[in-house]
Every structure is written in C-alpha cells, then in structure tokens.
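Thanks for coming, everyone. Let me put the model up, and we will walk through a few places in it.

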Amino acid sequence: MSTSNLSTVDSSDRLRVPERAQCVPSQVLHLRHLPADVSEEEVLALALPFGRVSKLITLKHKNQAFVEMASEEAAVTMVNYYTSTMPTVRNHPIFIQYSTHRELKTDNLTNQRAQVALQTIGVAAVHSGNMASGGEGWGFSSSPVLRIIVENLFYPVTLEVLQQIFNKFGSVLKIITFTRNSQFQALLQFSDAVHAQHAKAALDGQNIYNGCCTLRINFSKLSTLNVKYNNDKSRDYTRADLPTGEPEPAATFGVALPQYGAAAFPSTFHQHTGMSVAAVPGSLVSPPRVSLQVAPPAGHSVLLVSNLNPESVSPHCLFILFGVYGDVQRVKILFNKQENALIQMSDATQAQLAMSHLNGQRLHGNMIRVTLSKHPVVQLPRGGAGQEEQALTRDFSGSALHRFKKPGSKNFNNIFPPSATLHLSNIPLSIGEEVLKDLFSSGGFTVKAFKFFQKDRKMALMQLASVEEAIEALIALHDQQLDHNQHLRVSFSKSTI
C-alpha cells in the first residue's frame with residue numbers, strides 16, 4: 001500500500017459524511033462513535049483480519065473514520081462478522097456500516113501517523129501471508145493449522161459450530177476435536193496460512209455463546225492434519241469418501257445438540273434462562289442484529305431482503321432459496337420498490353438462520369442484503385389490488401416443498417452455507433451421471449465435477465463454477481421432475497469433490 005492512498009481528514013478538509021447507514025454493500029465502511037483520541041493502529045486493527053485496507057480517513061473531531069477495503073467481499077465479511085460481535089475499541093462499543101461512498105477520494109496528503117501505524121502492524125506481511133497475531137504484538141508464522149482450546153464449556157461445541165465460525169475467514173479443510181487435560185480442544189486446518197492468521201487475530205478470546213465457551217487460539221506446529229474418519233469428532237471436508245469409523249456420540253460432554261444446528265442454542269438454554277434466542281447478544285453464533293445500534297424485537301420471523309435484481313427476482317425463486325434454511329410462509333416483493341422483498345419464515349430461529357447464511361450472497365448478479373424486518377407478518381394484497389401487485393405476493397404456507405415440516409427431519413442436521421458444491425438427492429436408479437450433467441449444463445451451468453455416493457446411489461455431489469452459480473442452479477432445479485413420480489432435491493453441501 002502506498003502512503004499516498006492513506007490520509008487523515010481534519011476540520012479543514014471537506015468530505016461529506018453520510019447521515020444514515022445504507023443497505024447496499026460497499027467496499028467503503030463508515031465507523032462511528034470512536035474514542036476522540038483513537039489511533040490509526042486501533043482503526044486498522046478492526047479491519048485487517050478481513051483483508052487488505054486500501055485507504056483510511058479519520059475524522060477525529062467527529063469521532064468517525066472511513067475504511068476502504070481492497071474488495072467488496074472483504075467489506076461484506078467484515079460487516080457480517082461485526083453484526084454478531086460488537087466491535088469495540090478499548091472496551092468502547094463502536095458502530096460499523098456500509099458507506100454511501102463507493103470509493104474514498106482524499107487530497108493525498110501524507111499521514112505520518114498512519115504510515116507509522118502500517119509499519120508497526122506490518123501490512124506488507126499481510127500481502128506475503130507471513131503475519132500472525134501474537135499476545136502483545138505482531139509475530140510471524142506460516143502454519144495454516146490452528147490449535148483451539150474452548151474454556152468455560154457450558155454448551156456443546158461441535159464440528160459444525162467450529163466450521164461455521166472459522167469459515168468466515170477462509171476455506172476450512174479439516175477439523176479434529178479431542179479432550180486433553182479435561183479441556184475440549186480442536187485442531188483446524190485452513191487452505192492458506194493467511195486465513196489462519198486472520199481468524200486468530202479476530203477470534204482469540206471471543207465467546208462462542210454469550211458468557212461462555214471462550215476460544216483460546218494458537219498456531220500449531222503441524223503444517224497439515226491427517227484425518228482418518230469423517231464423523232462427529234473429525235472431518236476432512238476435501239474427502240467425502242472417508243469412512244465413519246466407530247460411531248461417536250454427537251454431543252460433547254453429554255449435552256444435547258441444538259435442533260437447528262450451529263446457528264441455534266441448545267434447547268436446554270431456554271429452560272435455564274427463560275430467554276429467547278433473539279434476546280441473547282454478544283456471541284459468535286447467536287443471531288446477528290439488524291444493525292449495531294438497535295437490536296430487533298425478539299421473536300420476529302419476517303426478513304427484509306434488499307438490493308434484489310427486479311428484472312429477475314420472483315416470489316418463487318426467493319421461496320426456494322430461503323427455503324433451504326426454513327419453511328417460508330409468505331413472500332412479498334414490494335410493488336413500488338421491487339428491489340426489496342419481505343419473506344415470512346415459520347419462526348424467528350429460521351429467520352436468523354436464513355439471514356446469517358444469505359446476507360451478502362450474490363443473487364442474479366446483485367449482492368443481496370438480508371435483515372430482520374419490523375413487520376410481524378407479511379400481509380396479503382387487499383381485494384382492490386391490481387393483478388401485477390397480486391402476482392408479487394405469494395402464500396406458500398401449504399407448500400409441499402417445505403423441508404422442515406416433519407418433526408425430527410434429517411434436514412435439520414444438514415443446514416450449510418451456500419457453496420459451489422450441491423448435494424443432490426432423490427435420484428432415480430434409472431438416471432445416470434451424464435443425464436444429470438446434461439440437466440445442469442442445459443440450464444447454462446458449468447459442471448466442474450460430479451460424484452455419486454458410494455453407499456447410496458440416490459445421492460450425489462455436483463460441483464459448479466462458483467457459489468453464485470450454485471445458488472442459481474438450486475433455484476432452477478430443486479424439485480425438477482426426473483421421472484413420472486420422483487423429483488430432484490437440491491441443497492448446499494459442506495463437502496467438496
């Protein structure tokens with residue numbers, strides 16, 4: 001990074017500051033309520049775990065700063081993370097939101113303090129992949145493997161929980177969990193050492209659940225993990241063909257697993273505290289808030305989806321996509337603002353799941369924004385509404401495509417973030433690999449790899465060119481009829497081929 005791109009705006013500079021947060025993602029982020037004497041090092045420390053910082057502007061007289069990340073994806077990752085974990089500087093809560101600026105333009109005056117800050121933190125090491133966070137400063141490491149100790153273990157910490165948390169910082173390849181000295185521990189391997197460094201910098205000392213399950217993270221001396229079995233104790237996400245070995249109990253220390261997987265609290269939590277999931281703030285896998293200023297009312301199950309492509313979106317496509325994470329009851333695309341839609345899920349937990357997994361994903365070329373709505377329900381059009389307005393609202397409460405209607409369904413245990421690899425099921429024995437490849441190819445999708453399950457030929461993995469393409473394929477081909485009485489079932493996979 002050249003120092004000419006990094007400058008401070010003082011009271012004599014004229015840079016208009018947006019007065020309210022915008023839903024549209026931008027690689028420029030607006031930080032507010034900073035301490036009056038905040039340093040450039042403290043601002044950069046909030047952003048560097050998520051990627052390279054292109055420009056920084058501090059407005060100390062306004063307790064604000066602007067950070068321009070090198071990519072929009074890095075900015076989205078940063079905002080998504082800080083919606084579930086309150087960012088602080090010296091234990092002082094601050095607010096981070098997307099800026100209305102698409103890029104930062106400054107007078108290019110050299111900021112000596114910022115230059116010193118970059119030298120201290122070692123930005124050059126970020127680019128080379130050699131930077132790692134130490135206890136009191138910045139050290140160096142090249143290992144992609146982290147050693148994780150979970151202290152104050154009150155709720156179960158499963159492979160799925162760890163994968164959900166750490167996958168925000170890069171591709172998690174392998175995880176091994178074990179108990180040593182009466183402590184729950186894990187070894188976790190990223191695809192790249194810099195991802196491990198970013199994860200350690202952001203997560204060390206954080207609580208998984210509110211007030212408990214504290215992460216203590218160090219670099220392992222190992223450069224790779226050797227996983228022999230895919231089960232509840234270990235997982236190689238690059239090898240779907242590994243045996244399960246001896247069956248292991250799913251719960252750690254005898255605590256029941258949460259019904260909705262990694263994004264929900266175990267059922268015993270509500271019995272102990274009497275609090276709803278949405279009422280619990282400040283943990284890594286608790287439901288994220290709409291904004292850092294105001295938490296949404298507990299129990300709301302309606303989502304607001306913005307920045308949709310009005311030329312391509314439909315109630316049906318939103319029903320199929322959001323239906324991966326819960327049973328969608330109603331969808332309303334706003335008649336006068338068709339880039340926005342309201343989606344009513346069956347309950348608040350499903351709404352939180354959908355929001356945490358789909359916020360920031362690309363749909364029809366647009367990066368969508370998913371937040372909780374203030375509306376308690378989605379209203380159906382009144383009798384006097386026109387035909388076009390009525391077509392933009394659909395009631396799916398009686399749909400046969402709900403994945404979670406059946407109590408105890410295995411679908412509850414197979415909820416994963418969007419990925420380029422799709423899980424196909426309900427495949428007739430008469431349908432072969434080439435037929436399925438042709439089905440996807442004829443829809444305009446690029447098939448990179450395909451593999452039937454060895455023990456169950458009714459299921460297969462299909463790897464496409466990108467996550468965005470996989471999202472489009474799931475929408476287009478879920479429930480596709482394959483023969484006279486069998487329809488294809490499509491979901492996102494945690495595995496790769």
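Start with Thr177. Leaving aside neighbours within four places in sequence, Thr177 is in contact with Leu159, Leu162, Phe184, Gln185, Ala186, Asp232 and Lys233. Contact means heavy atoms within 4.5 Å. Where does Thr177 sit? Thr177 is in strand β10, residues 172–180. Strands here are DSSP runs of E, at least two residues, and helices are runs of H or I, at least four residues; both are numbered from the N terminus. Is Thr177 buried or exposed? Its relative accessibility is 9%, so Thr177 counts as buried. The cut-offs are these: buried is under 20% relative accessible area, exposed is over 50%, and partly exposed is in between, with a 1.4 Å probe and protein chains only.

A word on the source. This is a predicted model, where local features need pLDDT of at least 70 and side-chain atom pairs count only at pLDDT 80 or more, while totals for chains, interfaces and linings use all residues. Residues are numbered from 1 along each chain as its sequence is written, and side-chain values use heavy atoms, with hydrogens and water left out.

Now the aromatic rings. A pair of aromatic rings is described by the distance of the centres and the angle of the planes. Rings of Phe, Tyr and Trp (its six-membered ring) pair if their centres lie within 6.5 Å; planes under 30 degrees apart are stacked, over 60 edge-to-face, and the rest tilted. How many aromatic pairs does this rule give? The count is three.

Take Phe166 and Phe190. Their ring centres are 6.4 Å apart and their planes stand at 55°, so the pair is tilted. Phe166 lies in helix α5 (159–166) and Phe190 in strand β11 (183–190), so the pair ties together parts that are 24 residues apart in sequence. Phe166 is buried, at 0% relative accessible area. Phe190 is buried too, at 0%.

Next, Phe450 and Phe452. This pair is edge-to-face, 5.0 Å centre to centre, with 90° between the planes. Phe450 is buried at 11%, and Phe452 is buried at 17%. Look at Phe452 again. Arg457 lies over the face of its ring, at 4.1 Å from the ring centre. The rule for that: NZ of Lys or CZ of Arg within 6 Å of the ring centre and within 35 degrees of the ring normal.

On to the sheets. Two strands pair if DSSP finds at least two bridges between them. Strand β22 (421–425) pairs with β25 over four bridges, and Ser425 stands opposite Arg489 in β25. Axes are lines fitted to C-alpha atoms, for helices over the stretch in contact, and angles run from 0 to 180 degrees between N-to-C directions.

Another open sheet runs β2-β3-β1-β6, four strands, antiparallel. Here β2 (53–59) and β6 (95–98) are the edges. Neighbouring strands are turned by 20° on average, direction ignored. Strands β2 and β3 (64–69) pair over six bridges. Leu56 stands opposite Val67 in β3. Helix α1 (40–47) packs on this sheet, touching β1 (28–32), β2 and β3, and makes about 135° with β2.
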